[in-house]
Amino acid sequence: MRAAPGMILALLSAPAARAFTHHARKLAPLSSSAARQLQTKARQRRLFSSVSAAPAAAATGTPPTPFDDGTSPFEITTPIYYVNDKPHIGHAYTSLACDVVARYMRLSGRDVYFLSGTDEHGQKVEQTAAKAGMAPQAFCDEVSQSFRELLGLLNVSNDEFIRTTQGHHKEAVQHFWKELVANGAIYLGSYEGWYSVRDECYYNESELVDGKAPTGAEVQWVKKEDSYFFKLSEYQDKLLEYYEANPDFIAPESRKNEVVSFVKGGLKDLSISRTTFDWGVPVPDDDDHVMYVWIDALTNYMSALGYPNTEEGGNFAKFWPASLHVVGKDILRFHAVYWPAFLMAAGLPLPKRIFAHGWWTKDGEKISKSLGNVIDPVELIDTYGVDPTRFFLMSDVTFGSDGDFSDEKMIYKVNANLSNELGNLNQRIMTLVFKNCGKAVPAEIGELTEEDEALLATARSLRERTGEAISTQKIDKYVQHMVSMVWDANKYIDVQAPWVLKKTDTERMNTVLYVLMEVMRHVAILYQPVMPTSSNVILDQLGVPENEREFEHLAEEECKIPLGREVGKPKAVFPRFEVPVADAVKA
């Protein structure tokens, strides 16, 4: 009976065993090669099993929160944008924030309905169209298209783009009005008071600041005219009770406090129709009146889902109540006070959460046409590219707070985090693999060290940590987790120095490069919501198939980087931008 090699090795001392193994390799190279491949595959499997201490995210879904179970269908909305002027950075910011959340949810296996669109009725639109010498509908068609095109330029993945001039929306609004009437929430009266055409908002005398609206908009006195009213005063206590019972309904906390304070100050019945202009949705059974633009606009969140069709099998039954309304802080009152009161009166469920983000300034100054410092998002894209623009806007400011834009700040941040760190890391890894591993993923790897396992554990925990951030709209924190992961990988490659190992220990070099490729697979898959195009370029270079780029594939053993697969010649992913000389001197 012939003794198996393993039995012989077990009987020998460590030096003798090594000598025997060396001699056996010379005698039987084919069997030795097969053994090495088995060992390598076993080590590759341990890339996951050896880091089991890292928290594992669920295969599908997102971390549950008090306002979202993490698995249900998810409707996310931008406000519909008012078509009195062309898009600016604020519109881009809101759209990108929603897009990042929507993409993250989809990649997590959630069923998502992402809605955006344009708000096209009201006195302001009618006046702006007249100044342009255009009919209101023709004016709306032109400006609405500019918003739709911006979403395309920004690579925003909305499922629907609604316009309030569409027939099905107007029918939905009129049905909603009739429901409010049937429930005794509307009555005919008369109105006079201060009104801001720019804000499309009524203001009490006590709210005016130096004769203007709190937003700085001009106000005009509306002489007494017939108007339908919504019984908003009856919902003051109901709203306060709802806020208290659902503390996460409005975010961030500072904005919720503002809303609660406003409601506690007392609510008056709300004028919801006008007779002095006619560019709006006609009030049912009274053609002398058009609806107040906000009751028209807010209903879009339901009309896009097919409302008033609420039957099972339709989008309304599937996605309503909306999971998340994202709005600018200037329109929070309409969404957090008027909208829930309307829905309560109609007997319909309220949205699960409303998040109000801040405003952007430029170089420390308020953005305005008069100062000539309006930031055109199209120019940002033309100058810096889509993904760098997306990255900067989503990472530079705590989401919910105000932010300040400057070209210098954007250049420094994009160069540091993208070109120098992420792009350079990818280039170094793939170049070393291409040049030193036969233009392929290493065919063999060695045992993992503590440093290897630590880096892989950090990468494996990344989905859980980013999921917790995105589920609570901490978008900037999500990006910070990604930046930190890339920084850790850069530190690892500098310490391990695979360019030195190629001269001293090729097996160790192979292992280090393979670990880095696996880390980069996690990074690129999880960066897709923020930078979809660039992330997929990196995944292409890693050779990750297109059908293995969702989050569920991160922990699947069969989806890890396969040993020995060919790789192409690496290419730079992110450009580097030069700081203008004058600004460089200042810095």
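I will cover some conventions, then strands, then charged residues.

This is a predicted model, in which local features need pLDDT of at least 70 and side-chain atom pairs count only at pLDDT 80 or more, while totals for chains, interfaces and linings use all residues. Residues are numbered from 1 along each chain as its sequence is written, and side-chain values use heavy atoms, with hydrogens and water left out.

Let me start with strand S1, residues 74-77. Helices (H or I, at least four residues) and strands (E, at least two) are DSSP runs, numbered from the N terminus. Phe 74 and Ile 76 point one way from S1, Glu 75 and Thr 77 point the other way, and all are buried. Buried means under 20% relative accessible area, exposed means over 50%, and partly exposed is in between, with a 1.4 Å probe and protein chains only.

Which strands does S1 run parallel to? One is S3, residues 112-119, joined to S1 by four bridges. Another is S13, residues 324-328, with two bridges to S1. Two strands count as paired if DSSP finds at least two bridges between them. Within these pairings, Ile 76 has Phe 114 of S3 as its bridge partner, and Thr 77 stands opposite His 325 in S13.

Next is an open sheet of three strands, in the order S16-S15-S17, with mixed pairing. Its edge strands are S16 and S17 (403-405), each of which pairs on one side only. S15, residues 360-362, runs antiparallel to S16 and is joined to it by two bridges. There, Lys 362 stands opposite Glu 365 of S16.

Now the salt bridges. How many salt bridges does a search of the whole structure find? The count is 18. The term means a side-chain nitrogen of Lys or Arg within 4 Å of a carboxyl oxygen of Asp or Glu.

One of them joins the side chains of Lys 86 and Asp 376, at 4.0 Å from N to O. This pair links distant parts of the chain, 290 residues apart: Lys 86 is in the loop between S2 (81-82) and helix H4 (89-107), and Asp 376 is in the loop between S16 (365-366) and helix H14 (377-384). Lys 86 counts as exposed because its relative accessibility is 54%, whereas Asp 376, at 18%, counts as buried.

Another salt bridge is between Arg 103 and Asp 99, at 2.8 Å from N to O. These two are four residues apart in helix H4, so about one helical turn separates them. Arg 103 and Asp 99 are buried. Together with Arg 390, they are linked in a network of salt bridges.

Glu 258 and Arg 255 also meet in a salt bridge, at 3.3 Å from N to O. They are three residues apart in helix H9, residues 253-264, and therefore separated by about one helical turn. Glu 258 has 45% relative accessibility and counts as partly exposed, while Arg 255 has 10% and counts as buried.

Two items remain. Glu 408, in helix H16 (residues 407-436), counts as partly exposed because its relative accessibility is 22%. Glu 408 and Phe 577 are 169 residues apart in sequence, and their C-alpha atoms are 10.0 Å apart in space.

Finally, Asp 288 lies in strand S12, residues 286-291, and counts as exposed because its relative accessibility is 60%.
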